[in-house]
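Here's a quick briefing to read alongside the model.

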Amino acid sequence: MRIGVTVFLTDQTIGPAELGRALAERGFQSYYAPEHTHIPVSRATPAPLGEPLPEYYSRMLDPFVVLATVAAAAPGIRVGTGICLAAQHNPLLLAKTAATLDLVSGGNFDLGVGFGWNKEEMADHGVDFGTRREHVRETVLAMRELWGKEVASYHGEHVAFDPSWSWPKPAAGRVPVLIGGAAGPKLFGAVLDYADGWMPIGGRGLTQALPVLRAAAQEAGRDPDTLRVVPFGTEPTPGKMEHYRSLGIEEIVFNVPSAPAEQILPVLDDYARYVERE
């Protein structure tokens, strides 16, 4: 079982290069970076995990710069976004950024995407909250065209471009896409429509959710065994690890507090005992 971590890195926390080295030294196999471009002061949208919204949401570093730094400091570690707010990106730019990161990391990049919760943040990017799911879908489909074809074009309701050249291509021809969010018909429909797997935030309720996802995959003509399920931002316990293993989970991402190095390194030391069992 692959063990990874996610940390909200900011200008006040451990740096990405130091974190990458620390993860490699302790045997962790993956690191996922979150994303928010900014937090409007006028925010009226309630935070999904409760108020007040932690300060690190407005201070976090750019995820792709962070992931490139981690990958350079710890060659071989798998890096990913957890999650990228894909609707808030220009698809042409995001496709190039993701493909470049995948190429320079040796094909060790996963693009975790999400629909987002902050209405004011989305509005500043010109995205209507009510159509964010459609934006994400078209962004992913458009990127797949750019990654997989020498001459690519896409014409949707929210994303459109004429025949174009775009390099580099991902190392394996495409970047794996995982969708983050809570279990439900809409999310599972999106996973089966255009993604390679699911990142359940917190990892709760998998015993009930996985059979539903597998049944939906079979009905949609997808092989359930090809879907990656990566519990994300979870807190490790021996019982939880064994439970995930019994469900066939092959990767878990531990949540690590946003903090300076002197506070993060002891947490990594503690969590590394789970890595050593693998």
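For burial, a residue is buried under 20% relative accessible area, exposed over 50%, and partly exposed in between. Tyr-56 has a relative accessible area of 27%, so Tyr-56 counts as partly exposed. Keep in mind that this is a predicted model.

**Aromatic pairs**

- The count of aromatic pairs comes to 9.
- One of them is Phe-8 with Tyr-56, a tilted pair at 4.6 Å centre to centre and 40 degrees between the planes.
- That pair links distant parts of the chain, 48 residues apart: Phe-8 sits in the loop between β1 and α1 (16-25), while Tyr-56 sits in the loop between β2 (30-33) and α2 (63-73).
- Phe-188 and Trp-198 make an edge-to-face pair, 5.0 Å centre to centre with 80 degrees between the planes.
- Phe-188 belongs to helix α6 and Trp-198 to strand β8, so this pair ties together parts 10 residues apart in sequence.
- Phe-188 and Trp-198 are both buried.
- Ring pairs also join Phe-8, Tyr-56, Tyr-57 and Trp-117 into a cluster.

**Nonpolar cores**

- The largest nonpolar core has 75 residues, and Phe-28, Tyr-31, Leu-111 and Trp-198 touch the most other members.
- Helix α9 (residues 261-275) gives the most to this core, with 7 residues.
- Leaving aside residues up to four places away in sequence, the contacts of Phe-28 include Ile-3, Val-5, Phe-254, Leu-268 and Tyr-271.
- Another core of 8 residues lies apart from it, with Ile-83, Leu-85, Leu-178 and Phe-232 among them.

**The sheet**

- Nine strands form an open sheet with parallel pairing, in the order β9-β8-β7-β4-β3-β2-β1-β11-β10.
- β9 (228-229) and β10 (232-234) are the edge strands, each pairing on one side only.
- β10 pairs with β11 (residues 251-255) in the parallel sense over 2 bridges, and Thr-234 stands opposite Phe-254 in β11.
- Helix α8 (residues 238-246) packs on the sheet, touching β1 (2-6), β10 and β11, and its direction makes about 150 degrees with that of β11.

**Around Asp-196**

- Asp-196 is in the loop between α6 (185-194) and β8 (197-199).
- With 17% relative accessibility, Asp-196 counts as buried.
- Its side chain makes a polar contact of 3.0 Å with the side chain of Arg-144.
- Not counting residues up to four places away in sequence, Asp-196 touches several others, including Arg-174, Leu-178, Arg-222 and Arg-228.

Key: Residues numbered from 1 in each chain as written. Predicted model: local features only at pLDDT ≥ 70, side-chain atom pairs only at ≥ 80, totals over all residues. Heavy atoms only, no water. Helix = DSSP H or I, 4+ residues; strand = E, 2+ residues; numbered from the N terminus. Buried < 20%, exposed > 50% of the residue type's maximum accessible area, 1.4 Å probe, protein only. Polar contact = N/O pair within 3.5 Å; in protein donor to acceptor, adjacent residues only side chain to side chain. Contact = heavy atoms within 4.5 Å. Core = buried A, V, L, I, M, F, W, Y, C linked by side-chain atoms within 4.5 Å. Pairing = 2+ DSSP bridges. Axes fitted to C-alpha atoms, helices over the stretch in contact; angles between N-to-C directions. Phe/Tyr/Trp six-rings, centres within 6.5 Å; stacked < 30°, edge-to-face > 60°.
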